[in-house]
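Reader: Could you walk me through this one? I would like the conventions stated as we go along.

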Amino acid sequence: MKQLIRLGANVAAILGVSCCVAAAFARLRGAFYLPGGIEAISLFELGTGMMVFACLGKLELLLQREAV
């Protein structure tokens, strides 16, 4: 179970950072919308949520380590 939480947290962190970077580059180019009609701010919010999810997963791993 710990390996699954670790993998999920790492994947969420990588995808979250990637979403935020893509949204930042889109806004620096002056685009409000990405291809497909997705707003750049929505992509940034998705990335932020994924990074929060990753932090919660890592926190759970730390709490499990303390309990043992």
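Author: To begin with a convention, a residue is called buried under 20% relative accessible area, exposed over 50%, and partly exposed in between, with a 1.4 Å probe and protein chains only. By that definition Leu-7 is exposed, because its relative accessibility is 53%. The model is predicted, so local features need pLDDT of at least 70 and side-chain atom pairs count only at pLDDT 80 or more, while totals for chains, interfaces and linings use all residues. Residues are numbered from 1 along each chain as its sequence is written, and side-chain values use heavy atoms, with hydrogens and water left out.

Reader: Where does Leu-7 sit?

Author: Leu-7 belongs to helix α1, where helices (H or I, at least four residues) and strands (E, at least two) are DSSP runs numbered from the N terminus.

Reader: Switching to the surface, which residues gather in the patch of positive charge?

Author: The positive patch on the surface gathers Lys-2, Arg-6, Lys-58 and Arg-65. Patches are made of residues with over 30% relative accessible area and no salt bridge, like charges being joined within 9 Å and nonpolar side chains (Val, Leu, Ile, Met, Phe, Trp, Tyr) within 5 Å. A salt bridge is a side-chain nitrogen of Lys or Arg within 4 Å of a carboxyl oxygen of Asp or Glu. Lys and Arg count as positive and Asp and Glu as negative, with His and the chain ends not counted, and a charge is placed at NZ of Lys, CZ of Arg, CG of Asp or CD of Glu.

Reader: Which helices supply the positive patch?

Author: At least two of its residues come from each of α1 (2-28) and α2 (40-67). Lys-2, for instance, lies in helix α1 and is partly exposed, because its relative accessible area is 40%.

Reader: What makes up the nonpolar surface patch?

Author: Val-52, Leu-56, Leu-59, Leu-62 and Leu-63 make a nonpolar surface patch of about 470 Å², with accessible areas taken from the Shrake-Rupley method with a 1.4 Å probe and, for residues, only the protein chains shown counting as cover. Of these, Leu-63 has its place in helix α2.

Reader: What about the loop, where is Glu-39 and what is it in contact with?

Author: Glu-39 is in the loop between α1 and α2, and, leaving aside neighbours within four places in sequence, Glu-39 is in contact with Phe-32 and Tyr-33. Glu-39 counts as partly exposed, because its relative accessibility is 34%.

Terms used:
Contact = heavy atoms within 4.5 Å.
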